[in-house]
Amino acid sequence: MAPWLVYLGRRSTAGFAKIAGVELTLLDCARYFHKSGGINGVAQIVKDLGANAEPRKLAEAGAHYENSAVRRLGYLLELEGHERQANALKPFVKRAKSMKPLDPSVRALSESLDALHEKNSEWKLLINTPVEIDS
């Protein structure tokens, strides 16, 4: 990964600090959604930060993440109206081998109930939970 993509440098009174850029922050939140306030927490972060992500950087960094996390982020970006950023992640859908749940932590009581959930074929995601965001 390109060094300019990984971290941004910031001076502080304690010295020089490396911090993740917007693109990595979004991808990390989609990957570690359970530590980001769940899928709704990630959706809120996407709403707040998504427009600041550079599509080219987002796609380049996405190559280093699990495909399902990239698709999850793309879906949430699109849901929030960040079309340019979402479109940069659409090529990852072509590499997907199967449909994945939007929220893998939500388990159906039985496999037959999974069939009742909406399927988003554009992102190859099973929408197994509603996304709720503060306005």
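I began with Pro-101, which I find standing opposite Leu-126 in strand 5. The model is a predicted one, and I read every entry below with that in mind.

I then looked up the pairing around this position, where strand 3 and strand 5 (residues 125–127) run in the parallel sense and are joined over two bridges. Widening the view, I find three strands in an open sheet, ordered 3-5-4, with mixed pairing. Because strand 3 (100–101) and strand 4 (118–120) each have a single partner strand, they stand at the edges, and one side of each is left without a neighbour in the sheet.

Next I asked myself which strands helix 5 lies across. I find that helix 5 lies across strand 3, strand 4 and strand 5, and that its direction makes about 55 degrees with strand 5.

I then turned to the helix pair, where the axes of helix 2 (residues 22–31) and helix 5 (residues 67–79) come within 8 Å and cross at roughly 110 degrees. Since angles of 65 to 115 degrees count as roughly perpendicular, I note helix 2 as roughly perpendicular to helix 5. The crossing in which helix 2 passes helix 5 is right-handed.

Last, I listed who makes this contact: helix 2 contributes Leu-26, Leu-27, Ala-30 and Arg-31, while helix 5 contributes Ala-69, Val-70, Arg-72 and Leu-73. Sorting these contact residues of helix 2 and helix 5 by class, I find six nonpolar, two charged and no polar.

Key
Residues numbered from 1 in each chain as written. Predicted model: local features only at pLDDT ≥ 70, side-chain atom pairs only at ≥ 80, totals over all residues. Heavy atoms only, no water. Axes fitted to C-alpha atoms, helices over the stretch in contact; angles between N-to-C directions. Helix = DSSP H or I, 4+ residues; strand = E, 2+ residues; numbered from the N terminus. Parallel < 35°, antiparallel > 145°, perpendicular 65-115°, else oblique. Left-handed = near helix turned anticlockwise from the far one by under 90°. Contact = heavy atoms within 4.5 Å. Nonpolar A, V, L, I, M, F, W, Y, C, P; charged D, E, K, R; others polar. Pairing = 2+ DSSP bridges.
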